[in-house]
Amino acid sequence: MLCVKRFEFVLIVLFGLLDLDHGKQFTAPIKRCRMDDEACLAQQGELFFKSFKHGIPELGVPSVDPLDLGTLTIESGEQSASLQFKLVLTNAKLYNLGSATSVKSLKGFTKDPKKNLKLTLVIFAPELEVHAQYDVNGKVLILPIVSKGDVVIKLKKMTGKSRIIAEPQKRDDGKTYLNIIDYKTVSKMEGGHFNMSNLFNDNVELRESTLKVLNDEWEALAADIQPRINEACDRVLKNALQRFWNDIPYDEFFEN
């Protein structure tokens with residue numbers, strides 16, 4: 001009986017150590033790369049978006065597809081005199097970031113971080129969509145516009161460049177972990193398209209003519225819309241990446 005108890009104790013300790021070791025590894029299918037293997041690093045970044053697009057509940061990593069943007073408030077008018085309105089998007093969600101994103105590069109890691117790491121992530125997505133409920137008040141050309149309804153905004157051929165500042169922190173176990181202190185993205189899109197329900201109580205002629213103006217003026221609108229979308233994405237992606245890295249010592253990031 002004593003031997004059985006000892007055997008059970010050994011198993012508990014063994015599996016406890018295995019769990020502890022597993023907690024220091026990247027979640028499959030992400031694998032470690034050599035620090036100088038830029039192609040491998042970009043591939044693992046892309047795998048993160050695609051494999052964990054619905055999040056990792058056990059690690060608290062949120063979904064990135066759809067990505068919850070929350071509420072966005074967009075003041076338009078600085079870029080175009082013909083568009084003067086306040087647009088509030090609620091329950092906004094970004095679709096296709098996980099499934100469509102390709103990672104072009106992920107750089108900035110160093111062997112023995114003594115100072116903050118300055119990482120650069122470059123991604124490309126052929127088409128993203130924002131779905132939300134909208135509330136708009138203002139004018140388009142000389143026409144007053146006050147409406148509420150559903151909106152879909154298509155964002156075409158988006159290239160995003162993110163600057164990620166990560167602070168190395170020593171913990172009680174003597175190992176160094178990364179704490180993300182800043183995550184900022186600038187993006188460029190080749191085009192966009194609005195589709196809004198219930199404009200002018202769905203008066204077809206007014207609705208179509210207003211949407212045509214909005215879509216023709218996309219470049220001006222993008223200057224107001226893109227920063228708000230980027231800020232919301234950055235909040236979620238910073239949280240997702242931090243939770244993914246939380247329990248992994250920096251010296252476990254790379255192959256020797």
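The N-terminal end of helix 4 is capped by asparagine 203, a side-chain oxygen of which lies 3.2 Å from the backbone nitrogen of glutamate 205. The model is predicted, so that local features need pLDDT of at least 70 and side-chain atom pairs count only at pLDDT 80 or more, whereas totals for chains, interfaces and linings use all residues. Residues are numbered from 1 along each chain as its sequence is written, and side-chain values use heavy atoms, with hydrogens and water left out.

Helix 4 covers residues 204–216; helices (H or I, at least four residues) and strands (E, at least two) are DSSP runs numbered from the N terminus. The helix has 13 residues and reaches 18 Å from its first C-alpha to its last, close to the expected 18 Å, the expected span being 1.5 Å times one less than the number of residues. Arg207, Thr210, Leu211, Val213, Leu214 and Asn215 of helix 4 are buried (under 20% relative accessible area, with exposed over 50% and partly exposed in between; 1.4 Å probe, protein chains only). An α-helix has 3.6 residues a turn, so residues three or four places apart point the same way. The cover over the buried residues of helix 4 includes strand 2 (83–95), strand 4, strand 5 (143–170), strand 6 (176–196) and helix 5 (218–245).

Strands 4 and 5 pair in the antiparallel sense over 23 bridges, pairing being assigned if DSSP finds at least two bridges between two strands. Within this pair, glycine 138 stands opposite isoleucine 145 of strand 5. The hairpin formed by the two strands has two residues between them, and leucine 141 takes a positive phi near 60° there. Strand 5 also pairs with strand 6, in the antiparallel sense and over 19 bridges; here lysine 161 stands opposite valine 186 of strand 6. In this second hairpin five residues separate the strands, and glycine 174 takes a positive phi near 85°.

Glutamate 129 is found in strand 4 (residues 117–140). The residue is buried yet has no salt bridge, defined as a side-chain nitrogen of Lys or Arg within 4 Å of a carboxyl oxygen of Asp or Glu. Its nearest side chain of opposite charge is that of lysine 154, 4.1 Å away (Lys and Arg count as positive, Asp and Glu as negative; His and the chain ends are not counted). The side chain of glutamate 129 does make a polar contact of 2.8 Å with that of histidine 131. A polar contact is a pair of N or O atoms within 3.5 Å; within protein, one must be able to donate a hydrogen and the other to accept it, and residues adjacent in sequence count only if both atoms are side-chain atoms. Apart from neighbours within four places in sequence, glutamate 129 is in contact (heavy atoms within 4.5 Å) with Lys93, Leu94, Tyr95, Asn96, Val152, Ile153 and Lys154.

Most residues other than glycine have a negative phi, and most peptide bonds are trans. The loop between strand 6 and helix 4 holds asparagine 198, with a positive phi of about 70°, and phenylalanine 200, with a positive phi of about 50°. Asparagine 198 counts as partly exposed because its relative accessibility is 30%, and phenylalanine 200 counts as buried because its value is 18%. The peptide bond from alanine 28 to proline 29 is cis, with omega near 10°; proline 29 lies in the loop between helix 1 (2–22) and helix 2 (38–51). Aspartate 65 and proline 66 are likewise joined by a cis peptide bond, with omega about 0°, and proline 66 is placed in the loop between helix 2 and strand 1 (67–76).
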